[in-house]
Each structure stands twice: as structure tokens, then as C-alpha cells.
Amino acid sequence: MKIEQLASGGIVILRPKSSLIGNQETEDLRQTLEKLGREGNTRAIVDLSAVPYLNSTGIGVLIGAFNEYQRRKGLIKLCGLSNKAENVFVLTKLTQVFDIYPNEKEALASFAAK
């Protein structure tokens with residue numbers, strides 16, 4: 001698995017390390033997010049700064065996780081999107097769904113602000 005996982009004050013931070021295009025990395029991210037849900041996690045950040053590209057499959061995993069976290073009264077946030085990824089999120093209006101931050105530090109701080 002190429003997904004680094006950290007915890008910071010009850011917030012889990014996931015850092016995928018390759019494109020999310022339906023490959024093993026995408027499946028690993030999906031499984032990791034599902035496992036976190038089963039364990040009761042309600043606060044997570046997916047840091048996409050090391051993800052050069054994502055397609056509809058990768059976005060689908062993120063949307064599925066977002067819906068599952070919402071169902072459990074939790075919150076999943078994104079950070080570190082490349083310009084291309086950010087454009088995809090803007091065009092698909094997913095910026096109105098996800099809380100998106102430029103970096104991990106700001107994403108972490110946003111949990112404290114609430």
C-alpha cells in the first residue's frame with residue numbers, strides 16, 4: 001500500500017502516493033476509508049498533494065467516503081489538489097460539496113475552528 005496514514009488529535013490524515021484512476025492505489029484508499037468508518041472515525045483529511053492525476057473512479061471513491069462520513073455525522077476534507085484536479089472539482093461543482101484546503105496545515109486548523 002502506498003497510502004501513508006497519520007493521526008493528529010483524533011483526525012486521520014491519508015496521503016495517497018500515486019494517481020487515483022481505478023488502480024490498486026484507488027482500491028487501497030477505498031478500503032482504508034471503509035475500515036476507518038468501521039472503526040468509528042468521524043474526522044479525516046485526504047491529502048492529494050502526491051496524486052498527479054485522478055479520474056472519475058478516484059472521485060467516486062472520495063464521494064462515497066464523503067457520503068459515508070456524513071451519514072455517520074462525520075467530516076472528510078481534502079487538501080493539496082493539483083491545478084488539474086482542482087479544475088475537475090470546480091467544473092463538476094464538487095467544490096460546493098467538499099471542504100478543500102491548499103495544504104494539510106489549513107485543513108487541520110479548519111477542524112479546530114468549528
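Trainee: In which helix does Ser 110 lie?

Mentor: This is a predicted model, in which local features need pLDDT of at least 70, side-chain atom pairs count only at pLDDT 80 or more, and totals for chains, interfaces and linings use all residues. Residues are numbered from 1 along each chain as its sequence is written, and side-chain values use heavy atoms, with hydrogens and water left out. Helices (H or I, at least four residues) and strands (E, at least two) are DSSP runs, numbered from the N terminus. Ser 110 falls in the run of residues 104-113, which is helix α4.

Trainee: Does Ser 110 count as buried or exposed?

Mentor: Buried means under 20% relative accessible area, exposed over 50%, and partly exposed in between, with a 1.4 Å probe and protein chains only. The relative accessibility of Ser 110 is 9%, so this residue counts as buried.

Trainee: Which side chain is joined to that of Ser 110 by a polar contact?

Mentor: Contact means heavy atoms within 4.5 Å, and beyond its neighbours within four places in sequence Ser 110 has such contact with Lys 77 and Tyr 101. A polar contact is a pair of N or O atoms within 3.5 Å; within protein, one must be able to donate a hydrogen and the other to accept it, and residues adjacent in sequence count only if both atoms are side-chain atoms. At 3.5 Å, the side chain joined to Ser 110 is that of Tyr 101.

Trainee: Within what arc do the buried residues of α4 fall?

Mentor: The buried residues of α4 are Glu 104, Ala 107, Ser 110 and Phe 111. The arc is taken from the directions from the helix axis to the C-beta atoms. The buried residues line one face of the helix because, seen down its axis, they fall within an arc of 120 degrees.

Trainee: Which residues on the other side of α4 are exposed?

Mentor: The buried residues of the helix are covered by elements that include β2, β3, β4 and β5 (99-101). On the other side, the exposed residues are Lys 105, Ala 112 and Ala 113.

Trainee: Over the ring of which residue does the charged end of Lys 77 sit?

Mentor: A charge sits over a ring if NZ of Lys or CZ of Arg is within 6 Å of the ring centre and within 35 degrees of the ring normal. Arg 72 lies over the face of Tyr 69, at 4.4 Å from the ring centre. For Lys 77, the distance to the ring centre is 4.3 Å, and the ring is that of Phe 111.

Trainee: What kind of pair do the rings of Phe 89 and Phe 98 form?

Mentor: Rings of Phe, Tyr and Trp (its six-membered ring) pair if their centres lie within 6.5 Å; planes under 30 degrees apart count as stacked, over 60 as edge-to-face and the rest as tilted. The whole structure holds two aromatic pairs. In this one the centres are 5.8 Å apart and the planes stand at 70 degrees, so the pair is edge-to-face.

Trainee: Which residue forms one aromatic cluster with Phe 89 and Phe 98?

Mentor: Phe 89 is buried, with a relative accessible area of 0%, and Phe 98 is buried at 3%. The cluster that holds both also holds Phe 66.

Trainee: What is the phi of Lys 73?

Mentor: Most residues other than glycine have a negative phi. Lys 73 is found in the loop between α2 and β4 and is exposed, with a relative accessible area of 76%. Although Lys 73 is not a glycine, its phi is positive, at about 60 degrees.
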